[in-house]
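User: I would like to know how the terms used for a structure follow from their definitions. Please take them one at a time.

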Amino acid sequence: MTSHRKHLVRDLNHFITCYICKGYLIKPTTVTECLHTCCKSCIVQHFEDSNDCPKCGIQVHETNPLEMLRLDNTLEEVIFKLVPGLREKEQQQEIEFWRRNKVKESPDEDGPICKKARVDEDDDVKGDGDYHRSDPQIAICLDCLRNNGQMGENIVKGLMKKFIRCSTRVTVGTIKKFLSLKLKLPSSYELDVLCNGEIMGKDHTMEFIYMTRWRLRGENAVMEYGAIRSRVRS
């Protein structure tokens, strides 16, 4: 009779724990340059201050290291099966986090307002309760439009961090809301988003724009934005 050798979970901890926070990997995300894996939140926060891998020190990308990250859903399922109760504990902590932060947010803001904790409510942006984390992702460069006479005098400034990564299902309307919040634009300003010099409709998705408007395939899509003061009708 073949004997089955039992392994303790702690014997596998080296493979299923995060190098940064030392806890079990939550939403394990792998750096494609060196194949080291960390928690998604840990590695994203690390890349706010550095472009190097936190474990081996290799430069991941010169300007946008987030582009070199890939979620490892298979590893996540393996970890949840190895560690009893981890999935339920993490889900409960996430719900509690959004519930606590709901009180701190202004009701007038359009930011990420506790959508995990209230997925049953009808929001203006439907279907965004999970932030489309499982969707295909696209890297976008949001560049401030230079004055060229097309839109009149552009009164907005450039973002400090102009590279973002989002779902391919995100619409231009959502990008406009994001820019308005980041740039703190008053409602009297009219914001437009352009690709290759063409103003994009608010219902266009990033996937549609990339497939039909962006000419340099294989590179980050560059979106330009600009705003002018809306005319007040008498």
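User: What makes Val172 a residue that isoleucine 209 touches?
Analyst: Contact means heavy atoms within 4.5 Å. Isoleucine 209 touches Val172, Cys195, Met200, His204, Trp214 and Met223, leaving out residues up to four places away in sequence. This is a predicted model, where local features need pLDDT of at least 70, side-chain atom pairs count only at pLDDT 80 or more, and totals for chains, interfaces and linings use all residues. Residues are numbered from 1 along each chain as its sequence is written, and side-chain values use heavy atoms, with hydrogens and water left out.

User: Why is isoleucine 209 called buried?
Analyst: Its relative accessible area is 2%. Buried means under 20% relative accessible area (1.4 Å probe, protein chains only), so isoleucine 209 is buried.

User: Where is isoleucine 209 placed?
Analyst: Isoleucine 209 is in helix H6, residues 206–212. A helix is a DSSP run of H or I with at least four residues, a strand a run of E with at least two, both numbered from the N terminus.

User: What makes S1 and strand S3 a pair?
Analyst: S1 and S3 (residues 69–71) are joined over three bridges in the antiparallel sense, and at least two are required. Here threonine 30 stands opposite arginine 70.

Definitions and conventions. Buried < 20%, exposed > 50% of the residue type's maximum accessible area, 1.4 Å probe, protein only.
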